[in-house]
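The points are grouped by topic below.

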Amino acid sequence: FNSIEHFDMVPFVDPACTASGILFDKTSLLKFLLQHKTDPVTGKPCGKKDIITLHMDKDDEGRWQCPILTKPFHDHTKIVAVRDRETRSAHVYSYEAYKELNVQPKNWTDLTTGKPFHPKKDVLILNDPNNEEFQKTRDVSTFWHIKNARSIKAKNEGKESKVRHSVTASRIMDQISKEKAEKEEAEAREKRKNEDGSSSATSKSKKLKIFSDDVTGVRYTSGKTSSSFTSTAMELQVDDEAREATQEEILQAQFRVMRDQKKKGYVHLHTNLGGMLLELHCDIVPRTCTNFLGLCEQKKYDGTTFHRLIRNFMIQGGKASKAGEKDVSLWGEAFEDEFDDRLKHTGGGILSMANAGPKTNQRQFFITFKSCPHLDRKHSVFGRVAKGMDVLKELERQPTDKKDRPLDEIVIQKVEILVNPAKEAEEAEQQRLEEISKERTEERDRKRASALGKKKSHGGSTSGAAGGSASSKNKDGKGGSSSTIGKYLSKSNSSSAASPISSGKAGSRKDNDNDDDDDDDEGYDDLSKLKVKAPKAAPAAAKTKFGNFS
């Protein structure tokens with residue numbers, strides 16, 4: 001179930017199709033249509049307005065799947081697309097979901113958007129493995145652009161550089177290329193975050209297998225066992241294993257350590273007009289401080305400028321200045337605000353996060369020149385200028401243009417970390433998790449040894465559960481063959497102790513003085529004093545009319 005990206009049989013990235021239902025990569029298809037104005041499958045006239053953008057869902061492993069049944073698509077899966085003519089797009093589903101939720105109840109509304117559609121005109125069959133006629137139409141050798149590949153190549157040979165697009169077409173192509181590049185960059189960033197950890201707060205912790213109860217104190221299961229018993233789409237699981245901790249749970253555990261430490265962070269902000277000592281409230285707003293300290297550790301602020309300055313208000317900086325670099329947080333995405341009534345925009349020198357609304361914090365920050373109570377609970381305060389207020393006043397006196405940009409660049413030359421509670425909390429949490437992992441490993445080894453029937457003897461040797469020691473010793477401590485029967489009775493004791501019982505009379509043992517002295521310690525002399533009655537003879541079997549059954 002793959003598309004033809006650039007028409008060279010490469011799996012598609014941004015799926016699209018025409019009315020024929022053949023899937024292509026949108027960028028490749030648009031480029032072909034703008035150049036040839038012909039459907040690459042049928043050879044009929046076709047333009048960019050005939051492109052249908054396909055909205056397809058992916059699972060955790062990156063496979064295309066049905067968004068309703070969450071089953072991955074395969075070559076043997078029948079697949080349909082429901083068109084939305086207003087937006088020239090379509091949502092893709094498995095035929096199984098379409099049949100049960102649309103066809104059988106005669107519900108002709110899109111399962112995702114809820115918009116009505118025509119069951120014959122707006123439904124495209126993308127794959128039908130049981131229809132031979134349909135499969136013939138998917139034969140690549142019958143495609144128009146394959147049959148006419150040589151003529152197309154000869155026609156375009158030497159003219160590739162002379163192809164000129166209209167302003168609108170060029171803008172569309174640039175927009176698509178930009179969106180594709182951003183999507184690929186986001187996927188690469190997400191992959192790096194999953195493999196290596198996106199921050200120093202979790203990079204080391206990801207090397208360990210951390211479970212939810214290790215960081216939250218509550219045991220959550222993965223849910224795979226119950227799901228496998230109720231869903232045929234999942235593999236059967238019999239072990240009710242614990243769920244691994246998420247990145248957010250690991251971070252929350254580190255933030256709790258930072259709050260318990262009750263330590264402030266300190267950094268030295270060096271500018272071309274002087275330096276300032278910043279105090280960070282790591283014990284009150286740990287997430288915001290961890291983001292700032294992590295970016296400082298990565299030297300993201302070194303060489304940047306204060307790009308906005310408003311007298312009697314604030315000075316703003318931290319914007320990415322390198323080409324191609326984006327304003328992203330330590331974790332690669334915006335994070336939520338942290339507000340506390342103890343931290344307000346009171347007085348000058350307050351360090352706070354710049355944002356574009358709730359939960360949009362990234363990396364930019366600002367320092368106030370005066371009290372700004374209207375910013376309370378709108379911007380997260382996470383520090384203050386502890387030393388260097390004279391430098392801050394010098395920054396305020398710098399001239400600006402009409403757009404509040406300093407006429408002379410104010411450069412952040414370097415940010416030096418002096419005290420980093422986030423790093424200390426990370427190391428402490430890492431050590432705790434390593435100890436938990438070690439204990440878990442030892443407990444697993446003990447259970448495995450117990451299941452195999454192994455145990456530690458007093459002498460340090462390992463013996464099986466069914467057998468005893470390989471060698472035995474006499475009671476005097478000397479080695480040799482065993483003089484005992486079983487575990488407790490010696491040969492002499494067992495024979496002498498059995499004689500009065502077998503005779504049925506009470507009597508003393510003969511020549512006990514000739515036996516070992518150790519027999520007295522065993523307490524078997526009491527057997528001679530026992531009065532054992534001889535067993536009575538069994539009564540004769542009663543005669544019956546059926547005969548003697550004895």
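In this predicted model, L236 is found in the loop that runs between α9 (224–230) and α10 (247–261). L236 has a relative accessible area of 59%, and it is classed as exposed because that value is over 50%.

**Nonpolar surface patch**
- L236 belongs to a nonpolar patch on the surface, which it forms with F229 and V238.
- Together, F229, L236 and V238 have about 370 Å² of accessible area.

**Positively charged surface patch**
- A patch of positive charge on the surface gathers K37, K48, K49, R88 and R171.
- One of these residues, K48, is located in the loop between α1 (26–36) and β3 (52–55).
- K48 is partly exposed, since its relative accessible area is 33%, a value that lies between the limits of 20% and 50%.

**A buried loop residue**
- T304 sits in the loop between α11 (286–297) and β11 (306–310).
- The relative accessible area of T304 is 2%, and T304 therefore counts as buried, the limit being under 20%.
- A polar atom of the T304 side chain lies 2.7 Å from the backbone oxygen of Y301.

- R432 is part of helix α13, which comprises residues 421–451.
- With a relative accessible area of 30%, R432 is partly exposed.
- R432 and V215 are 217 residues apart along the chain, and their C-alpha atoms are separated by 9.8 Å.

How values were computed:
Residues numbered from 1 in each chain as written. Predicted model: local features only at pLDDT ≥ 70, side-chain atom pairs only at ≥ 80, totals over all residues. Heavy atoms only, no water. Patch = residues over 30% accessible without salt bridge, like charges linked within 9 Å, V, L, I, M, F, W, Y side chains within 5 Å. Areas by Shrake-Rupley, 256 points an atom, 1.4 Å probe, with all protein chains shown as cover. Salt bridge = Lys/Arg side-chain N within 4 Å of Asp/Glu carboxyl O. Lys, Arg positive; Asp, Glu negative; His and termini not counted. Charge placed at Lys NZ, Arg CZ, Asp CG, Glu CD. Helix = DSSP H or I, 4+ residues; strand = E, 2+ residues; numbered from the N terminus. Buried < 20%, exposed > 50% of the residue type's maximum accessible area, 1.4 Å probe, protein only. Polar contact = N/O pair within 3.5 Å; in protein donor to acceptor, adjacent residues only side chain to side chain.
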